[in-house]
Amino acid sequence: MGNSLPEIEGYRSLGWVRIPFDVELLDWVSAALPAARDAVRAPENADWRVCEGTWFVGVNALPNEADGSVNGKTPLRGRAVETVEALGFSIGRWDRAQISVIYPGYPRPREGESAAAFVYRKYRNAAHVDGLARVGPGRRVLRDPHAFIMGVPLTWVRPDAGPLVIWEGSHEIMREALGEALLPRPPETWPETDLTDAYHAARREAFKRCRRVSVSARPGEAYLVHRLALHGIAPWVPRTQDAAASRDGRVIAYFRPPLEGSIRDWIRLA
């Protein structure tokens, strides 16, 4: 697979790309969905059900192995993995995937969420950059430098049922702003460097300059999202047929494999 594929150029310029249908990935979905359903029902994961039951956050809830396989079946492979490799990423191991489930009615207020935070969730889709952790009152620091985000839909719902949203090109705005804050500093200080002001300014700039797009895909398709891209979850638009979608909801497995090599690559790599 060469570096001239449309997927590569789209990822680099827009900060995300949809991967076409792949039967190998659909085989993986067939093995992963039963495990995802079990994880959603597991009592030990009850705390992941938030926003008055309309969102199962499910961080690292899928019990996949390092090769991506679930219950010893079907390692993660196919066009999406080949695209990752063509981008120059070497995946030594796949992290345990997040199982993100959105149900009819999302969003509702999250427990402990302020009124302002809920307004941001509802009207700005809780837009954020993964890997930036809150430490103390409103302070943001880099604590999870992953390589990219790969979303693999496990169920099919209509495109306006709680889709992922992305601000196209926001990864370059974030790269510039966060790079100015981090690159002059020794790498060992990055996890403690306060990025709050740079991040918030870049986020405001992205809202002004970048096109917001909704992303949906069917099982067997996937999408790659740049680790610096601003993204969030749109509301589930109510429809009369929502009762039929309430069993599983909109289920997506999200992989965020750790960035191998220097932490500086979090800013510098594609």
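# Close-up views of a predicted model

**View 1. The buried loop residue His146.** His146 is buried, with a relative accessibility of 0%. Buried means under 20% relative accessible area, exposed means over 50%, and partly exposed lies in between (1.4 Å probe, protein chains only). His146 sits in the loop between β6 (139-142) and β7. Helices (H or I, at least four residues) and strands (E, at least two) are DSSP runs, numbered from the N terminus. Leaving aside neighbours within four places in sequence, His146 is in contact with several residues, among them Asp130, Arg227, Arg256 and Trp266. Contact means heavy atoms within 4.5 Å.

This is a predicted model: local features need pLDDT of at least 70, side-chain atom pairs count only at pLDDT 80 or more, and totals for chains, interfaces and linings use all residues. Residues are numbered from 1 along each chain as its sequence is written, and side-chain values use heavy atoms, with hydrogens and water left out.

**View 2. Strand β7 and its two partners.** Which strands pair with β7? One is β10 (residues 222-226), antiparallel over 4 bridges. Another is β12 (residues 250-255), also antiparallel over 4 bridges. Two strands pair if DSSP finds at least two bridges between them. Ile149 has Val225 of β10 as its bridge partner. Pro153 stands opposite Ile252 in β12.

**View 3. Aromatic rings around Trp94.** The model holds 8 aromatic pairs. In one of them, Trp94 and Phe148 have ring centres 6.3 Å apart and planes at 75°, so the pair is edge-to-face. Trp94 lies in the loop between α3 and β4 (98-102) and Phe148 in strand β7, so this pair ties together parts 54 residues apart in sequence. Trp94 also forms an edge-to-face pair with Phe255, at 5.4 Å centre to centre and 70° between the planes. Phe255 belongs to strand β12, 161 residues from Trp94. Both Trp94 and Phe255 are buried. Ring pairs join Trp28, Phe89, Trp94, Phe148 and Phe255 into a cluster. Rings of Phe, Tyr and Trp (its six-membered ring) pair if their centres lie within 6.5 Å; planes under 30 degrees apart count as stacked, over 60 as edge-to-face, and the rest as tilted.

View 4. A salt bridge is a side-chain nitrogen of Lys or Arg within 4 Å of a carboxyl oxygen of Asp or Glu. Arg79 bridges to Glu7, with the closest N and O atoms 2.5 Å apart. Arg79 is in helix α3 (residues 79-86) and Glu7 in helix α1 (residues 6-14), 72 residues apart. Arg79 is partly exposed at 28%, whereas Glu7 is buried at 6%. Glu24 bridges to Arg77 at 3.5 Å between the closest N and O atoms. This pair links helix α2 (residues 23-41) with the loop between β3 (55-56) and α3, 53 residues apart.

View 5. Asp38 and Arg41 meet in a salt bridge of 2.9 Å, N to O. The two residues are 3 apart in α2, so about one helical turn separates them. Asp38 is partly exposed at 46%. Arg41 is exposed at 56%.

**View 6. Charges over rings.** Arg124 lies over the face of Phe207, 4.0 Å from the ring centre. Arg218 lies over the face of Trp156, at 3.9 Å. A charge sits over a ring if NZ of Lys or CZ of Arg is within 6 Å of the ring centre and within 35 degrees of the ring normal.
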